[in-house]
Amino acid sequence: MTTTLDPPIHIGKAAVGAVGLLALATGALESVVTPTLPLLQRELDMSPAQGALLSIVLLITGALVTPVAGKFGDRYGGKRVLTRLMAVVSAGGLVSALAPNLPVLLLGQVLQGAMVGALPLSFIVVRKHLPQGEAKVAIGVVSGLFVGGGMAGTLSAGPVAETLSRHWMFALPTCAVIGSTLLVSKLLPHDPPARSGQVRMDWAGLFLLSGALTTLMLVLALAPDATSQPLVLGALVVVLAAFGAGWTAVERRAASPMVDLRMLARPAIWKACVLTFVICVGTSMAVYLVPQLFAVPTDEYGFGASATEIGFFLLPGAVAASLAGPLGGLGTRRFGSRLVVTVGVVTMAAALTALAAVHTEPWHLVLGKALIALANGLCVTAMMTSTATSVDQSDTGIATSLVLVTRVVGFAVGAQLGGALLTAATPSGSDVPSESAFFTGFVIAGAVTALALLITRTMSKGVKE
């Protein structure tokens with residue numbers, strides 16, 4: 001016997017506004033680490049490799065939480081899961097604000113990563129309570145406010161950290177998250193579950209993937225000190241291999257796998273994953289290296305930029321990233337995904353190579369970072385479109401989840417590789433790496449990105465309208 005669910009209640013502008021405020025607050029909270037990473041490294045006595053780990057741990061958590069949040073949203077209702085995830089995010093923000101050292105700050109960032117899974121739920125909830133036309137407008141507004149929050153966080157984190165303290169740069173947006181979550185809870189009606197019955201969760205796959213990603217980050221973070229602790233590094237490599245093999249075996253046998261690895265047998269999917277990985281490695285190395293280079297003292301070879309100045313320098317890149325999505329969508333519809341990805345890859349590889357050769361003025365880094373952000377956005381949009389249209393509609397979620405996991409791994413590897421390069425090139429007794437490390441990092445990033453051209457040549461042109 002089936003039960004008839006009541007139709008969802010139509011919501012007004014106030015409820016949509018509450019969801020938008022939540023997106024604005026979470027965007028700000030998510031973005032505070034990047035411009036202030038050099039400051040955090042100094043205050044918490046972190047190595048560059050540890051700083052790189054701090055910069056990507058939120059993203060790793062998000063990739064793991066997102067598929068779980070979607071299934072729970074179907075089972076228990078989007079609003080219920082959304083508010084609980086935002087409670088976890090709020091707890092993470094408070095832990096980050098009160099953190100006295102790096103381990104506690106890492107814990108706070110891990111908890112904050114739940115926001116990556118919570119934001120798609122807000123889109124689902126809006127769609128359930130609004131007609132199709134109004135829902136599209138509302139989702140666009142919420143997406144725009146999240147991007148705007150990211151820009152606000154990038155600009156405000158430095159001044160807040162330098163004027164008040166690093167604790168307040170987490171505390172202020174966390175207070176905004178708590179307030180907006182209470183508004184969402186009050187103004188947004190409960191939505192009925194999309195389906196009844198038990199939801200199968202691939203807990204074993206989630207655990208093994210979490211272990212594999214965590215161990216991979218530890219291996220990359222410890223790689224610069226391999227000569228001093230070879231046994232520890234060797235043991236971690238063995239553990240990483242065990243996690244990877246176990247996860248592969250579990251996902252192949254699971255009735256409802258977290259990531260369906262059988263989909264990788266399709267040429268369109270494995271090509272998308274390879275492209276996503278190399279593009280994200282190049283992007284994340286630049287995302288990590290550019291603020292570090294800005295912060296190098298002027299009596300060395302850098303610019304001695306404060307956290308506030310770094311935020312202003314990174315703003316054009318944030319603007320370029322926000323424009324890349326719409327431009328990528330328009331370009332894919334007009335010219336096809338292959339051309340858009342090719343243009344993005346060439347632009348990114350050229351910008352990274354140029355940064356390796358010329359980085360003597362701030363505008364060199366500002367322009368290079370903006371071009372890389374624009375190119376990455378073009379590539380990601382085109383790749384997601386290509387992936388979604390290359391499979392049956394029922395397989396869209398499976399295919400895009402593969403790309404999501406690959407994206408996270410690429411970002412993690414790139415950031416940790418950049419951190420390892422700087423750590424290895426920092427002389428004993430100094431906290432400034434040699435300039436050659438930045439040159440090497442940008443060259444490696446450019447070369448890895450250029451490898452994508454070997455794959456783009458074999459891509460289908462994609463759907464054009």
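User: Is Glu-43 buried, partly exposed or exposed?

Analyst: A quick note to start: this is a predicted model, where local features need pLDDT of at least 70, side-chain atom pairs count only at pLDDT 80 or more, and totals for chains, interfaces and linings use all residues. Residues are numbered from 1 along each chain as its sequence is written, and side-chain values use heavy atoms, with hydrogens and water left out. Buried means under 20% relative accessible area, exposed means over 50%, and partly exposed is in between (1.4 Å probe, protein chains only). Glu-43 has a relative accessibility of 48%, so it counts as partly exposed.

User: Which residue forms a salt bridge with Glu-43?

Analyst: A salt bridge here is a side-chain nitrogen of Lys or Arg within 4 Å of a carboxyl oxygen of Asp or Glu. The structure holds one. Its closest N and O atoms are 3.1 Å apart, and the partner of Glu-43 is Arg-166.

User: Which helices does that pair link, and how far apart in the chain are Glu-43 and Arg-166?

Analyst: Helices (H or I, at least four residues) and strands (E, at least two) are DSSP runs, numbered from the N terminus. At the Arg-166 end the side chain is buried, at 8% relative accessible area. The salt bridge between Glu-43 and Arg-166 links distant parts of the chain, helix H2 and helix H8 (residues 166-187), 123 residues apart.

User: How many of the residues of H2 are buried?

Analyst: Among the buried ones are Val-33, Pro-35, Thr-36 and Leu-37. Pro-38, Leu-39, Leu-40 and Gln-41 are buried as well. H2 is mostly covered, and the count is eight of its 11 residues.

User: Is Asp-45 buried or exposed?

Analyst: Along the chain Asp-45 and Asp-431 are 386 residues apart, with their C-alpha atoms separated by 9.5 Å. The relative accessible area of Asp-45 is 68%, so the residue counts as exposed.

User: Which residues lie nearest the centre of the second largest pocket?

Analyst: On a 1 Å grid over the protein atoms alone, a cavity is a set of points where a 1.4 Å probe fits but cannot get out, while a pocket is an open set with protein on both sides within 12 Å along at least five of seven lines; lining residues have an atom within 4 Å of a point. Grid points are joined across faces, edges and corners, and a volume is the space filled by probe spheres set on the points. About 530 Å³ of space lies in this pocket. Its lining has 22 residues, and nearest the centre lie Gln-41, Arg-42, Met-46, Asp-431 and Val-432.

User: Which element gives the most residues to the lining of the second largest pocket?

Analyst: By class, the lining divides into 11 nonpolar, eight polar and three charged residues. (Ala, Val, Leu, Ile, Met, Phe, Trp, Tyr, Cys and Pro count as nonpolar, Asp, Glu, Lys and Arg as charged, and the others, Gly among them, as polar.) With three residues, the element that gives the most is H2.

User: How are the rings of Tyr-301 and Phe-438 arranged?

Analyst: Rings of Phe, Tyr and Trp (its six-membered ring) pair if their centres lie within 6.5 Å; planes under 30 degrees apart count as stacked, over 60 as edge-to-face and the rest as tilted. The structure holds four such pairs. For Tyr-301 and Phe-438 the centres are 6.1 Å apart and the planes are at 65°, so the pair is edge-to-face.

User: How far apart in sequence are the parts that Tyr-301 and Phe-438 tie together?

Analyst: Tyr-301 is buried at 17% relative accessible area, and Phe-438 is buried at 0%. Tyr-301 lies in the loop between H11 and helix H12 (307-335) and Phe-438 in helix H16 (residues 435-450), so the parts they tie together are apart in sequence by 137 residues.
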